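Please look over the structure shown below before reading on. The report that follows moves from single residues to the fold as a whole.

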Amino acid sequence: MKQAKVLVIDDNTAVLSTLRIVLKSSFSTVVAVADPKLIPALISQGDVDAVLLDMNFGSDRLDGQDGLFWLDRIMNRSGLENPPAVVMITAFGDISLAVQSLKKGASDFIQKPWDNNDLVTKLSEAIDKRDARAREAQDAAADTASDEAEVTSTLEEMEKQAIRKVLEQSDRHLSVA
């Protein structure tokens with residue numbers, strides 16, 4: 001079992017229940033909700049590793065724009081340094097919609113009906129990629145801090161050398177130096 005928190009958002013309660021059952025055996029925490037308006041509150045703590053996001057909410061629109069809207073909110077407006085990985089899922093998808101999702105930051109795209117093993121694999125891989133990006137960002141930040149410390153110590157060393165040189169030139173006479 002992967003130690004990860006997965007948020008599932010789908011307005012179809014039967015699909016939501018099925019996804020919860022399928023994912024509970026593979027991930028330590030699965031939160032399933034039908035209302036996408038809860039997304040900002042649910043991801044605000046930064047403890048969600050992945051979101052499985054339906055692309056259509058309600059029966060009046062089946063063009064995936066609802067999912068793309070919420071994907072954008074998760075990826076760009078959540079205020080999180082490391083937003084959760086997002087895997088899109090829909091029964092009414094096509095290649096164009098999948099490409100749009102990936103361009104907006106989705107990790108993957110799944111069509112309903114899904115294969116359980118494929119679903120779990122895609123979510124796991126998305127979480128692994130997210131974790132790798134977070135580690136790379138931490139390493140880059142640590143390297144930058146190290147470089148800044150090195151520059152600071154180099155400047156301090158240059159200052160000390162300049163003071164020593166002036167003191168030597170003045171025969172260690174502070175008033176003259």
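## An aromatic pair and its helix

Phe-69 is partly exposed, at a relative accessible area of 42%, whereas Trp-70 is buried, at 10%; here buried stands for under 20% relative accessible area, exposed for over 50%, and partly exposed for what lies in between, with a 1.4 Å probe and protein chains only. This is a predicted model, in which local features need pLDDT of at least 70 and side-chain atom pairs count only at pLDDT 80 or more, while totals for chains, interfaces and linings use all residues. Residues are numbered from 1 along each chain as its sequence is written, and side-chain values use heavy atoms, with hydrogens and water left out.

A search of the whole structure finds one aromatic pair. Phe-69 and Trp-70 form this pair edge-to-face, with 5.0 Å from centre to centre and 85° between the planes. For such pairs, the ring centres of Phe, Tyr and Trp (its six-membered ring) lie within 6.5 Å, and planes under 30 degrees apart count as stacked, over 60 as edge-to-face and the rest as tilted.

Helix 3, residues 65-76, has 12 residues and reaches 16 Å from its first C-alpha to its last, close to the 16 Å expected at 1.5 Å a residue; the expected span is 1.5 Å times one less than the number of residues. Among its buried residues are Leu-68, Trp-70, Leu-71 and Ile-74. The buried residues of helix 3 pack against helix 2 (39-43), strand 3 (50-54), strand 4 (85-90) and helix 4 (95-103).

## Fold and cores

The chain has five helices and five strands, and along the sequence they follow the pattern β-α-β-α-β-α-β-α-β-α. These elements are DSSP runs numbered from the N terminus, with helices (H or I) of at least four residues and strands (E) of at least two. Of the 177 residues of the chain, 36% count as buried.

The largest nonpolar core has 23 residues, and those with the most contacts inside it include Val-6, Phe-27, Leu-52 and Leu-123. Elements that give two or more residues to this core include strand 1 (2-9), helix 1 (13-24) and helix 5 (116-169). A second, separate core of 20 residues includes Leu-7, Val-33, Leu-68 and Ala-106. A nonpolar core is a set of buried Ala, Val, Leu, Ile, Met, Phe, Trp, Tyr and Cys residues joined through side-chain atoms within 4.5 Å.

## Salt bridges

The structure holds eight salt bridges, each being a side-chain nitrogen of Lys or Arg within 4 Å of a carboxyl oxygen of Asp or Glu.

Lys-112 belongs to the loop between strand 5 (108-111) and helix 5, and Asp-54 to strand 3, so their pair ties together parts 58 residues apart in sequence. Both Lys-112 and Asp-54 are buried. Arg-130 counts as buried at 5% relative accessibility, whereas Asp-131 is partly exposed, with a relative accessible area of 27%. Salt bridges that share partners join Asp-10, Asp-54 and Lys-112 into one network.

Terms used:
Contact means heavy atoms within 4.5 Å.
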